[in-house]
Amino acid sequence: MAEPKKPAKPAATKAAAKPAPRKVAPAPVARGAKKAMAAPVKKAVAVAMATPVKRAVARPVTRAVVKKAVAPAGVPAAPRERRPRVEPKPLPTAPAGQVPLIAADGSVAGALALPAALTLTGGATVLFQAVLAAQANARQGNAATKNRTRVRGGGAKPWRQKGTGRARQGSIRSPQWRHGAVVFGPNGRSYEQRLPLKVRRAALGAAFAARAGEGRVLVVEELRLGGDRPRTRDLVDWLAKVGEVRRTVLVTPAQDERLERAAANAPAIEIRTSTSLKLLDVLGADTLLVLRGALAALAARASATEAA
């Protein structure tokens with residue numbers, strides 16, 4: 001008779017029956033060994049961080065590098081050519097009491113005696129007073145500060161009158177406050193000084209006579225600039241023929257638009273008429289060029305008997 005088969009055991013029972021693998025613990029590492037292993041790694045990281053990273057810079061394709069020619073050793077460099085220096089032409093001179101007369105082409109045509117009103121010497125005190133008055137009248141005198149009416153803000157009382165322990169205040173724009181108003185500050189004034197008519201005339205004649213004595217006054221017979229629209233170059237070339245004029249004031253008998261347009265681009269040339277010429281123009285210019293037609297009008301302005 002056959003033996004009965006035994007029932008099969010479940011898989012879970014078989015797995016449980018197998019012994020679990022033993023975990024092998026890592027070998028203990030000494031403290032000094034850990035530090036020795038981490039030191040090279042930290043050093044490599046520090047070196048990598050300290051080394052600058054080279055970045056690629058994009059350069060334009062059209063950039064061309066031109067190498068300068070270098071002279072071989074022992075060979076002296078060629079001397080640098082210098083531009084020839086143009087010596088300035090001195091101004092023409094005239095005898096005492098006279099001024100040079102300049103022709104239309106810039107050459108000297110002789111000498112001319114000045115009117116008596118433009119040859120008076122002395123009057124240093126009158127000239128000093130006139131210069132001070134002219135400089136004072138040129139001041140604008142527009143320096144101004146803001147008082148409590150003009151300063152913005154401060155309409156509300158900053159805190160109540162009593163009970164705070166602080167000093168009473170009515171506005172944050174009071175003079176003792178920062179950003180407050182200004183007391184007794186400048187609010188614009190006039191520096192005008194008025195001189196008598198005879199003093200002004202005498203000062204103009206004395207200044208003109210002083211410049212004529214220094215040889216800085218020239219009388220022009222006629223000034224011809226070709227074309228309807230003369231250029232600045234034509235005027236500058238004509239002045240170069242006259243001499244070293246430097247800062248020049250050209251006095252005309254009447255307003256000339258063509259001449260003013262020619263001198264517009266020349267900062268060292270000023271155009272004045274016989275009626276608009278001022279005392280500071282006479283004293284501030286290096287050279288005075290007076291057209292012959294304007295000489296009589298200037299003498300009338302400097303004379304005490306004629307109307308200004």
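Entry 1. I looked up arginine 292 and found this residue partly exposed, with a relative accessible area of 38%. I use buried for under 20% relative accessible area, exposed for over 50% and partly exposed for what lies in between, with a 1.4 Å probe and protein chains only. The model is predicted: local features need pLDDT of at least 70, side-chain atom pairs count only at pLDDT 80 or more, and totals for chains, interfaces and linings use all residues. Residues are numbered from 1 along each chain as its sequence is written, and side-chain values use heavy atoms, with hydrogens and water left out.

Entry 2. Which side chain does arginine 292 meet in a salt bridge? I found glutamate 221, at 2.7 Å from N to O. A salt bridge here is a side-chain nitrogen of Lys or Arg within 4 Å of a carboxyl oxygen of Asp or Glu. Glutamate 221 sits in the loop between strand 3 (217-220) and helix 5 (232-242), and arginine 292 in helix 8 (residues 292-302), so the pair ties together parts that are 71 residues apart in sequence. Helices (H or I, at least four residues) and strands (E, at least two) are DSSP runs, numbered from the N terminus. I noted glutamate 221 as partly exposed, at 39% relative accessible area.

Entry 3. I went on to the other pairs. Glutamate 222 forms a salt bridge with arginine 224, with 3.2 Å between the closest N and O atoms. Glutamate 222 is partly exposed at 38% relative accessibility, whereas arginine 224 is exposed at 58%.

Entry 4. Arginine 231 and aspartate 234 meet through their side chains in a salt bridge of 3.8 Å, N to O. Arginine 231 is partly exposed at 49% relative accessible area, and aspartate 234 is partly exposed at 28%. I also noted one network, in which salt bridges that share partners join Glu270, Arg272 and Asp281. How many salt bridges does the rule give? I recorded seven.

Entry 5. I checked valine 41, which has its place in helix 2 (residues 31-50). Valine 41 is exposed, at 52% relative accessible area.

Entry 6. I listed eight helices and six strands, in the order α-α-β-β-α-α-β-α-β-α-β-α-β-α from the N terminus on. Of the 308 residues in the chain, 27% are buried. I took contact as heavy atoms within 4.5 Å. Among contacts between residues at least 6 apart in sequence, 69% join residues at least 24 apart.
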